[in-house]
Amino acid sequence: MSGLPDHARINECAVACPGTETTSSAALQRGRAAFEQHFPHPTTWMVTVSMSPPAETATPADVAGCKWWRPCTVQVIDDLSAGRHTAVKAFLAHLTASFEFQGHSVVDRSHGDVDLLLMCGEIPDGPQPLHERIPEQYPPLSATLRQRHQLRRTPRHVVAVVEVPERLSTLPHPEAVLAARTAMGRFGAAKVLFVTRGSAPRQIAEATLCTMEGGHPTERHNVADRIRDRLVTAACATEVGEHYDIVRDALPAEAWQASPTPQALVSAGRRMGDLGLLAAPVRIADFVSPQLADMYELYMGVRGYSEGMLFAYDPDLECLVVTGSGSWDVDKRALTREQIVAVDPHLVDGRRLRVLAPHGTLPLQPSVETWEICALMEAVPKVRVSRDEAGRWRLDPNGERQVPMIRSGIHAHVGVTGSDTSVIETIEPDRQQFPYGFGCGTDLTMEVARTTIARSTAVHDPDDNRHFVRWPLLYHGEMAVELWKPGPHREPFTGLLDLYGTAVQYTPDDVPQPV
């Protein structure tokens, strides 16, 4: 933590959260009362500090100052045996006080109508790797607790909290992701919080929050407050990935078959697979028993998912063309035309998507990133294009069609270690307003897309000749786009993918996890 004893932390928090209600005297007293309810006496709760100094970040001390923040309702279910798991119990008490101090409501009973449900699981110690020790029960823990505690609906975010001896910060990225996804499948939670115990009772060394996208950032300083803010960030984001309508017979079948854009996505997906920019689909059966995998498929319709996506704007059809959802058995390394989806880039009411069905077809659900891509398309300037002698579309100030300035793009779950900024612009995350990132398919991910592209020089400066723009997506990969500009690239994706391994250096098996 900060080096102050626990009973002094409440005063430190009041100073560290300017602009929130905790700066008032009344709020300070409420916060002090909440804190002392959980910590009536000074405790030995502490955090082991890394030998190296913490990396300097631009994150705010408290997300309550972010414009998207709102008070949340949190439920904690701790059915662990008394006298065991003392580190995680002490941490949960501190985390609960931190939630209340920021203005959230923490309840011990609900019908499931809460923003966050934290449930405690158990992983036995042992010599085996962490993912091999994670126990499985049928039905999974989340279903068992839902019945035991009479939850009539599934909370928006379920987080499994477990105490382990391992420091996940020291594990290679693939091992951390494997442990996280195994825990998610076996506990029945889309997020897992690994609390690493310290060298004495009620001590922790670090805490690592894992998400389905493959994120696993670790906190070692001000751990309870920062884990609180990460969880609140997730809770404040609203899912939009199911908000779409299918417009039947919206495109003539002949026009859809004649368009070269679907085949461009198919070819680009194959090339991304060869480059290591797309991984094999994730199958739930790889992490749980066949019985539990069957349960997920039967009752939730879930067998797995595939990472990444591709998209391009089609001037012929005047629509956006995207990959189908990976949850529909789509391997984006081996796409077929039937797994390509046409959508209207203009969102209805800023959120609802229109899937444009070619005549006589029933398209798949589009990739969950499609909503943020539509937000990008609406945020960039429009340019004009016309056909060249070969019938290909090219930039033309007097062109017959007006299109979004973004021509095509990719989303890849890889880490970038460096790029040539003379060729491709890099836009760093705005960690003041969006300090911790969001999962794909949420309203706040859409807002990140809008505000990120608004800061692009290549997009908004006519004198900037760069054709390409990229930006990291915190904890799980990056986005890169190609712009409509004069140049030699006749086909979408070709020039963009040429950069990977040359102008863009990347690591398929190691995604950065900045604190």
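This report describes selected structural features of a predicted model.

Helix 12 spans residues 443-453, and eight of its 11 residues are buried, so the helix is largely enclosed by the rest of the structure. The buried residues are D443, L444, T445, M446, V448, A449, T452 and I453.

In helix 11, T370 is buried at a relative accessible area of 0%. Leaving aside residues up to four places away in sequence, T370 touches M309, V322, V343 and L353. In helix 13, A458 is likewise buried, with a relative accessible area of 0%. With the same exclusion of residues up to four places away, A458 touches M405, E425, D464, R466, V469, L483 and K485. The C-alpha atom of A458 is separated by 8.7 Å from that of I424, a residue 34 places apart from A458 along the chain.

**Aromatic and cation-ring arrangements**

Across the whole structure, a search finds four aromatic pairs. One of them joins Y244 and W371 in an edge-to-face arrangement, with 6.4 Å from centre to centre and 70 degrees between the planes. This pair links distant parts of the chain, as Y244 belongs to strand 8 and W371 to helix 11, 127 residues apart. Both partners are buried: Y244 has a relative accessible area of 16%, and W371 has one of 0%. F434 and F438 also form an edge-to-face pair, at 6.0 Å between centres and 75 degrees between planes. F434 counts as buried at 6% relative accessibility, as does F438 at 11%. These two phenylalanines and W68 form one aromatic cluster. In a separate arrangement, the charged end of R407 sits over the ring of W484, 4.8 Å from the ring centre.

**Salt bridges**

The structure holds 31 salt bridges.

| Salt bridge | N to O distance |
|---|---|
| R197 and D125 | 3.0 Å |
| E136 and R186 | 4.0 Å |
| E219 and R226 | 2.8 Å |

The salt bridge of R197 with D125 connects strand 5 (residues 191-197) to the loop between strand 3 (116-120) and helix 4, so the pair ties together parts that are 72 residues apart in sequence. R197 is partly exposed at 25% relative accessibility, and D125 is partly exposed with a relative accessible area of 47%. The salt bridge of E136 with R186 runs from the loop between helix 4 and helix 5 to helix 6 (residues 173-187), so this pair ties together parts that are 50 residues apart in sequence. E136 is partly exposed, at 31% relative accessibility. In the salt bridge between E219 and R226, both residues are buried. Salt bridges with shared partners also join D62, D225, R228 and D229 into one network.

**Backbone geometry and a nonpolar patch**

Most residues other than glycine have a negative phi, and most peptide bonds are trans.

A cis peptide bond joins Y138 and P139, with omega at about -5 degrees. Y138 lies in the loop between helix 4 (130-133) and helix 5 (141-148), and P139 is placed in that loop too. Y138 is partly exposed, with a relative accessible area of 42%. Together with L298, Y299 and M300, Y138 makes a nonpolar surface patch of about 530 Å².

D249 has a positive phi of about 55 degrees although it is not a glycine. This residue lies in strand 8 (residues 244-251) and counts as partly exposed at 44% relative accessibility. Y475, also a residue other than glycine, has a positive phi near 80 degrees. Y475 is found in the loop between strand 21 and strand 22 (477-483), where Y475 is buried with a relative accessible area of 8%.

Technical notes: Residues are numbered from 1 along each chain as its sequence is written. This is a predicted model: local features need pLDDT of at least 70, side-chain atom pairs count only at pLDDT 80 or more; totals for chains, interfaces and linings use all residues. Side-chain values use heavy atoms; hydrogens and water are left out. Buried means under 20% relative accessible area, exposed over 50%, partly exposed in between (1.4 Å probe, protein chains only). Helices (H or I, at least four residues) and strands (E, at least two) are DSSP runs, numbered from the N terminus. Contact means heavy atoms within 4.5 Å. Patches are made of residues with over 30% relative accessible area and no salt bridge: like charges are joined within 9 Å, nonpolar side chains (Val, Leu, Ile, Met, Phe, Trp, Tyr) within 5 Å. Accessible areas come from the Shrake-Rupley method with a 1.4 Å probe; for residues, only the protein chains shown count as cover. A salt bridge is a side-chain nitrogen of Lys or Arg within 4 Å of a carboxyl oxygen of Asp or Glu. Rings of Phe, Tyr and Trp (its six-membered ring) pair if their centres lie within 6.5 Å; planes under 30 degrees apart count as stacked, over 60 as edge-to-face and the rest as tilted. A charge sits over a ring if NZ of Lys or CZ of Arg is within 6 Å of the ring centre and within 35 degrees of the ring normal.
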